[in-house]
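Visitor: I am new to this structure. Could you help me learn how to read it?
Guide: Gladly; let us look at it together.

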Amino acid sequence: MQFTRLFVKTGSNNQSQLSREIIYASVALFMFIFLFASYGLQVYAGELRRCNDINVMDIENCTGTFEIPISHNSRLLLNVTTTANRSSNNMTKLSTMTVPRVWTNPRYCQFDRIYTGILCLFEVITLEGWVQVRDALSSQIHWTTQIFLFAYIFLGIP
């Protein structure tokens, strides 16, 4: 809204100058993101992959299935109307679900391809969800990888 007022109030000479500056800033920001995404691709490619079973640490053992606990409200179960459920004030009941083991990247950030690294770093520069990216880098690789994100944030958001 303010940009349209600015374009209407200024003359055509100022409008072209402003649009050129916006284009230059956008190109500079994209080059900055591309630079850090290229570095992330070289350093962190394949390093964030883990098994979805937290008890398995290597790719050779990440096969088969495992069970994870799931919880549900006993009110939602139509066939379960025992006195134990009524007396426990409808607390949650634990069940398990069989899940296949998968060796994969986290869903919120990866540096295996340049475009996924760019998307991850764009999310970080907006400061939405950057804490999850920081935690994934520091817990799965090393705590010193936080320097990469802090440098990116402090240089990219002046």
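Visitor: What should I know before starting?
Guide: This is a predicted model, in which local features need pLDDT of at least 70, side-chain atom pairs count only at pLDDT 80 or more, and totals for chains, interfaces and linings use all residues. Residues are numbered from 1 along each chain as its sequence is written, and side-chain values use heavy atoms, with hydrogens and water left out.

Visitor: Which residues touch the most other members of the largest nonpolar core?
Guide: A nonpolar core is a set of buried Ala, Val, Leu, Ile, Met, Phe, Trp, Tyr and Cys residues joined through side-chain atoms within 4.5 Å. Buried means under 20% relative accessible area, exposed over 50%, and partly exposed in between (1.4 Å probe, protein chains only). Here the largest core has 20 residues, and Phe-111, Leu-121, Leu-137, Phe-148 and Tyr-152 touch the most other members. At least two core residues come from each of helix 2 (12-44), helix 4 (114-125), helix 5 (130-140) and helix 6 (146-156). Helices (H or I, at least four residues) and strands (E, at least two) are DSSP runs, numbered from the N terminus.

Visitor: What does Tyr-152 touch?
Guide: Contact means heavy atoms within 4.5 Å. Leaving aside residues up to four places away in sequence, Tyr-152 touches Phe-32, Ile-33, Phe-36, Leu-121, Phe-122, Val-124 and Ile-125.

Visitor: How many salt bridges does the structure hold?
Guide: A salt bridge is a side-chain nitrogen of Lys or Arg within 4 Å of a carboxyl oxygen of Asp or Glu. The structure holds 3. One of them joins Asp-112 to Arg-49, with the closest N and O atoms 3.0 Å apart. This pair links distant parts of the chain, 63 residues apart: Asp-112 lies in the loop between strand 4 and helix 4, and Arg-49 in the loop between helix 2 and strand 1.

Visitor: Where do Asp-53 and Arg-101 lie?
Guide: Asp-53 is in the loop between strand 1 and strand 2 (65-73), while Arg-101 is in the loop between strand 3 (92-100) and strand 4, 48 residues apart. Their side chains meet in a salt bridge (2.9 Å, N to O).

Visitor: Is Asp-53 buried or exposed?
Guide: Asp-53 counts as buried because its relative accessibility is 7%. Arg-101, at 23%, counts as partly exposed.

Visitor: And which residues form the remaining bridge?
Guide: Asp-135 pairs with Arg-134, their closest N and O atoms being 3.0 Å apart.
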